[in-house]
Amino acid sequence: MSYLFMKGINKSFPGVRALKSVDFEAEKGEVHAIAGENGAGKSTLIKILSGAYQPDEGQIYLDGKQIKISDPHSGRTQGISVIYQELSLVPYMTVAENIFLGNMPSRLGAVRRSQMSKRAKEALEGIGFELNPSSLVKDLSIVQQQAVEIAKVLVEDAKIVVMDEPTALLPAREVETLFRVINTLRERGVTVLYISHRLNEIFEMADRVTVLKDGSKVGTVRPSDINQDGLVQMMIGRKPADRIYWSPERVEKLKDAPAVLEVEGLVGEENLHEVSLALRQGEILGVAGLVGSGKSELVQCIFGGKQPISGVIKVRGKEIKMISPRTSIRNKVGFLPADRKHQGLVLGMTIKLNATLTALPQFSKLGVVNQKKEDEVVSEQIEKLRIKCYSQNQQVDTLSGGNQQKVVMAKWLLPECEVLMFDEPTRGIDVGARSEIYELMIDYANQGGAIIIVSSDTQELLAVSDRIVVMGQGKMTGSFSREEATEDKIVRAMF
Ligand code: ADP
Ligand code: MG
């Protein structure tokens, strides 16, 4: 029997079978990824392992013995620790205090304190971190905080460490640091279960990967025995759409297209220094750059969500005098923010209300909304964008990330925007929904819409853009036609 064996796990919630007779096995000292689309059951499986949920049926065996995990505390004492995306550290306590929170070394007073510091330092060094045990946690970077959490569970003698999307909030350069820590855990015989949406990470780190789909296990494979397309196919149950959506024909057609948006010498308050660009009708322009390069501020300033200090913005050749979201909307320029949950949508409202938010005047006559027409066009959008929902009166916060993003798209397609600016359009969205969003973008562009897509995912930019510009320190540091653009060139221009 495997070191960890979760056998025949069933779990239902009202209206959904979240896990259907899932058998999950992991070995000692193995890094085992768990993959699957949103809603596949990944989190439910690890919540059952951690004791946060009880299974309806099934058993769990660890190291040959059946164990009962009645709650998360009982999970931890039996060696199963979960590191959640929202870390559970206390920001105003020291590194050492956090590591020993809830399990202080026994002797009291000064001795205990120095002993605590020493053991905290050792635990951190054990995973390759030099941190001062008396620093406050709030002053650490995210990866350092993760290290403190990991040191904490090691002090508690964790046998299994579960990480639910640990890299989602990490800047790219810190991901490698986390991977080093994970490697150390593996060498020390700790089993690491790792949920991730990022396929390249699974291929880089995992010894094996188990794929879930709709609550069932599809299979467990070694990354070396499969490629990315194969893994995607397991996750979505069909062949992945071609990962490159861009085509030379598209670029050819754009040659004679008129400019729809022109930006000249745009300067922003934070980190935007005299940026100029022109966007043609039907064109998809990718904007690459690191966090803090000014790429988000660029689109925010064009839309008017942030006020530029100076610069000229022209839409269809006409200068916009007062730059604001209201004038942008009037000029048919839409913006889909990175933080769609707080800025793109009103979460407590229905799909219908969110979708018609910017298009309401279209349905009103003398202040009275034509409900029938509104229902009709929203239904049309739901069908066109393939938004998975049971009714247009469903609240948007009950939808998956991909479907929420489609509602934000509907909100800008209904008023027939001619320019759409996306900031990190697929962050936190699973592969299946991601390719649907790319397809929708291409459709929109083929019908004459123009797109600016800001993304820290270079692969994403290469997949859809007709042209890619790179930003660094508030300036444009590179510009590539799609033919000449490569990941290497883009990354070099970022630095
Ligand atoms: P994943 O982590 O793979 O995205 P989850 O395990 O979170 O998937 O969810 C699996 C299914 O169970 C989904 O349909 C989800 O809506 C449902 N689900 C998860 N947790 C709950 C809950 N506490 N109450 C009701 N339904 C839930
Ligand atoms: Mg989850």
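This is a predicted model: local features need pLDDT of at least 70, side-chain atom pairs count only at pLDDT 80 or more; totals for chains, interfaces and linings use all residues.
A polar contact here is a pair of N or O atoms within 3.5 Å; within protein, one must be able to donate a hydrogen and the other to accept it, and residues adjacent in sequence count only if both atoms are side-chain atoms.

Residues are numbered from 1 along each chain as its sequence is written, and side-chain values use heavy atoms, without hydrogens or water.

Start with the ligand. A backbone N or O atom of glycine 39 sits 2.7 Å from an oxygen atom of ligand 1. Serine 43 puts a polar side-chain atom 2.8 Å from a ligand oxygen. For tyrosine 53, a polar side-chain atom is 3.1 Å from a ligand nitrogen.

Now the core. A nonpolar core is a set of buried Ala, Val, Leu, Ile, Met, Phe, Trp, Tyr and Cys residues joined through side-chain atoms within 4.5 Å. Buried means under 20% relative accessible area (1.4 Å probe, protein chains only). The largest such core has 76 residues, and Ile452 is one of those with the most contacts inside it. A second, separate core has 37 residues, including Leu140 and Val190.

Last, the cysteines. How many disulfides does the structure hold? It holds 0, taking a disulfide as a pair of cysteine sulfur atoms within 2.5 Å. For cysteine 301, the nearest cysteine sulfur is that of cysteine 417, 19 Å away. Cysteine 301 counts as buried because its relative accessibility is 0%. Cysteine 417 is buried too, at 6%.

Methods
Chains are lettered from A and ligands numbered from 1 in the order in which they are written. Buried means under 20% relative accessible area, exposed over 50%, partly exposed in between (1.4 Å probe, protein chains only).
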